[in-house]
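Here is a brief report on one protein model. Look over its sequence and fold before reading on.

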Amino acid sequence: MPAPKNQLKAALAAKQPQFGIWLNLARPYSAELLAGSGFDWLLIDGEHGPNAIPTMLAQAQTIGSRCNVVIRPPIGETWMIKQILDLGVQTVLVPMIESVEHAAQMVKAMRYPPEGVRGLGASVARAA
């Protein structure tokens, strides 16, 4: 089964302006309020907000399909990217990419073998 179309990436590719806001409160209540406010995307910030995998999941579930969800992890680590993608999120903004090698490592974290190292945790992943 093919992955669902990433509406945010499609709109950006079509050069359509996209409006959004960053979520730093780590609470599904604020995510719910903002998801119904007409934004095209909401970014759950783990780098500067107190968000961890469980709070990211709760907010992504609350937002649902009302707008595009972007997650910014606290750091670009393969294990963290894998867990974020297992939440069912399609768009990840990785902070502090400082080399070609690190960028390549993050790309591999987001792809399944043979192009990448992403695993299949279908029994535990919301993305399944």
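Predicted model: local features only at pLDDT ≥ 70, side-chain atom pairs only at ≥ 80, totals over all residues.

Four strands build an open sheet, and their order is β1-β2-β3-β4. The pairing is parallel. Two strands lie at the edges: β1, residues 20-23, and β4, residues 91-92. Each of these edge strands pairs on one side only.

Strand β2 spans residues 41-45 and strand β3 spans residues 68-72. They pair in the parallel sense over five bridges. On the other pairing, β1 and β2 also run parallel, joined over four bridges. The table lists bridge partners from both pairings.

| Residue | Partner | Strand of partner |
|---|---|---|
| Trp22 | Leu43 | β2 |
| Trp41 | Asn68 | β3 |

**Burial of β2**

Strand β2 is mostly covered, with five of its five residues buried. In a regular strand, side chains alternate between the two faces of the sheet. In β2 both faces are covered. Trp41, Leu43 and Asp45 are on one side. Leu42 and Ile44 are on the other.

**Crossovers**

How does the chain get from β1 to β2, and what is the hand of that crossover? The path runs through helix α2, residues 28-35, and the β-α-β crossover is right-handed. A further unit is made by β2, α3 and β3. This β-α-β unit is right-handed.

Helix α3 covers residues 53-63 and packs on the sheet. It touches β1, β2 and β3. The direction of α3 makes about 170° with that of β2.

**The α4/α5 pair**

Two packed helices are described by the angle between their axes and the distance between the axes. Helix α4 takes in residues 78-86, and helix α5 takes in residues 100-109. They pack at an angle of about 35°, and their axes are 9 Å apart. The crossing of α4 past α5 is right-handed.

Which residues of α4 and α5 meet? From α4 come Thr78, Ile81, Lys82 and Leu85. From α5 come Gln105, Met106 and Ala109. By class, this contact has four nonpolar, two polar and one charged residues.

**Lys108**

Helix α5 also holds Lys108. Is Lys108 buried, partly exposed or exposed? Its relative accessibility is 45%, so Lys108 counts as partly exposed; the class lies between the buried limit of under 20% and the exposed limit of over 50%.

Leaving aside neighbours within four places in sequence, Lys108 is in contact with Glu115, Gly116, Val117 and Arg118. Arg27 gives a separate reference point: Lys108 and Arg27 are 81 residues apart in sequence. In space, their C-alpha atoms are 30 Å apart.

Methods
Residues numbered from 1 in each chain as written. Heavy atoms only, no water. Pairing = 2+ DSSP bridges. Contact = heavy atoms within 4.5 Å. Axes fitted to C-alpha atoms, helices over the stretch in contact; angles between N-to-C directions. Left-handed = near helix turned anticlockwise from the far one by under 90°. Nonpolar A, V, L, I, M, F, W, Y, C, P; charged D, E, K, R; others polar. Buried < 20%, exposed > 50% of the residue type's maximum accessible area, 1.4 Å probe, protein only. Right-handed = clockwise from strand over helix to strand, strands pointing away.
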